[in-house]
Amino acid sequence: MASVDDTAVTRAAPALATTYEGDDIAFLERIAPLVDMIEISPDAIARIDGKQAQLRPEVLEEYACVGSKVRFIAHGIGLSIGSFDHWDEGYLRLLDELFDHIDLEWHSEHLASSVVAGESVGTMFPVPRTEEALDLICERVRLIQERYRVPFLLEHVIHLLPDAPAEFTHAAFLNAITSRTGCGLILDAYNLRCDAMNQGLDIANFLNELDLRPVREIHLAGGVEHKGFQLDIHSRLTQDATIGIGADILRRAPNLRVVTFELLKEAIPLLGHDAVTRELSRIRGVIS
Amino acid sequence: MTTLETYQRGLLDLVKNRGGPPTDPYLRRVAAGAEIAVVREIAIWWRTFQIESQCPLVSRVLKHYGCFNQTVTQYFDANRTSPFVEELTHQFLASLCEHNDPFLRSVSRFEQALLRARAGSEEKQVILFDRNPESVFLALEGTGILPPAEPERLYRMTVDRRLPGMFRCTREENADAGEPTAG
């Protein structure tokens with residue numbers, strides 16, 4: 001079983017990663033010297049060819065152009081690991097294809113359901129923190145770990161909707177998943193901030209309760225406020241408060257390997273290449 | 001039905017604005033809150049953004065008609081929307097290809113044929129317009145007024161990836177003024 005090493009007590013500065021979803025080779029050439037890793041979302045670089053989604057070969061070629069300079073990790077959107085009936089096999093076919101083309105250090109997914117009864121929700125629902133959901137998630141993590149021999153990480157998503165009746169706290173649910181399966185965690189500092197602003201999550205209590213040893217990756221991002229809610233649309237640069245949360249996790253997570261700045265492809269032309277490269281340099285300065 | 005299934009099916013219904021008021025206490029609480037409207041708004045916003053970027057002609061026609069957002073919202077509510085943009089846009093356009101409005105129908109068919117040709121389809125398609133497509137496109141690109149239908153003429157748009165620009169238009173004078181249909 002591929003699991004996260006939890007024995008390290010000291011570590012080097014984490015690597016820096018960012019997202020790249022293709023079609024802007026000039027941007028890729030700007031960011032590649034600034035980062036150690038590129039995060040790839042298989043679903044975001046796929047197109048439907050007939051009935052089945054396939055990775056776009058032209059984007060894979062773009063990754064190959066910088067393959068000697070950076071390493072790669074995969075971060076899925078559409079697995080829907082928390083759906084009551086089944087996950088999305090189509091996503092796993094895309095991931096298989098990605099593994100065939102690119103050496104991935106690990107892969108990850110959101111702890112959520114995006115497909116319900118075979119229908120795309122158009123968003124992500126958090127998984128209710130119940131024994132029933134825990135059993136389902138752990139079994140699926142086990143199947144994924146059997147299928148891919150690199151570590152698998154789960155990322156908590158924001159809770160925009162009121163919490164469903166829960167049998168675990170946020171941290172206890174994640175602790176139960178990681179202790180049962182050995183999978184790793186991504187902590188998204190911006191998601192935590194959203195939950196604090198929207199739902200009153202006590203981040204300090206959450207981090208104190210969470211077993212931080214499985215945390216392999218931190219996500220940083222910026223978003224917007226809409227109708228009084230902070231949204232996890234990664235369209236902005238990272239606010240200082242989010243950097244602060246990330247720095248706190250960074251200091252306390254003994255097995256942290258990478259900090260990833262996530263940005264929507266659609267936001268890159270709006271922010272501009274210069275602003276993104278400055279942001280990467282700023283984050284590098286924080287994590288070094 | 002398990003609790004997980006009840007919640008997920010119930011939340012899907014709330015996001016899709018369908019089904020009656022929920023009976024489950026948690027789902028009733030969600031339905032009564034402000035959050036579900038924001039979640040729904042974001043889901044529809046993404047579909048709108050994708051459709052607008054992939055189907056500029058149809059989007060602009062619908063905006064000229066003042067019903068773009070409403071049409072996308074109705075489509076989102078009533079259909080299984082694909083997370084893949086190509087599939088979403090093809091299915092959205094397909095839903096308009098049988099629309100009651102013959103002009104919107106023609107533009108939808110034309111845009112769908114063009115998307116297929118750009119994606120590599122070798123199929124040749126003919127779409128009839130009841131007004132000059134060139135004037136239509138100029139109006140849609142700017143802020144001009146859409147030209148009126150020309151009952152005495154038909155415009156035959158041939159979409160074929162082997163053509164320069166992938167399409168060609170021919171005008172037929174004194175055409176038998178039947179309703180334009182795809183050839």
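This report walks through the fold of chain A and then looks at one glycine, using a predicted model.

## Overall build

Let's start with the whole chain. Chain A contains 10 helices and 14 strands. Its radius of gyration is 18 Å, close to the 19 Å that the globule rule gives for 288 residues, so chain A is as compact as a globular protein of that length. Taken along the principal axes, the box filled by its C-alpha atoms is roughly 50 × 45 × 45 Å.

Of the 288 residues in chain A, 46% count as buried. If you look at contacts between residues at least 6 apart in sequence, 76% of them join residues at least 24 apart.

## The barrel

Eight strands of chain A form a closed barrel with parallel pairing, in the order β1-β2-β5-β6-β9-β10-β11-β14. On average, neighbouring strands of this sheet are turned by 30° against each other, direction ignored.

Where do strands β1 and β14 of chain A come in? Strand β1 covers residues 15–19 and strand β14 covers residues 258–261, and the two pair in the parallel sense over four bridges.

## A closer look at G90(A)

G90(A) sits in helix α3 of chain A, which spans residues 89–101. Is this glycine buried or exposed? G90(A) has 20 other C-beta atoms within 10 Å, and a residue counts as buried at 20 or more, so G90(A) is buried.

Definitions and conventions: Residues are numbered from 1 along each chain as its sequence is written. Chains are lettered from A and ligands numbered from 1 in the order in which they are written. This is a predicted model: local features need pLDDT of at least 70, side-chain atom pairs count only at pLDDT 80 or more; totals for chains, interfaces and linings use all residues. A residue is buried if 20 or more other C-beta atoms lie within 10 Å of its own, exposed if 12 or fewer, and partly exposed in between; C-beta atoms are placed from the backbone. The radius of gyration is taken over C-alpha atoms; the globule rule is 2.2 Å times the number of residues to the power 0.38. Two residues are in contact if their C-beta atoms, placed from the backbone, lie within 7 Å. Two strands pair if DSSP finds at least two bridges between them. Axes are lines fitted to C-alpha atoms, for helices over the stretch in contact, and angles run from 0 to 180 degrees between N-to-C directions.
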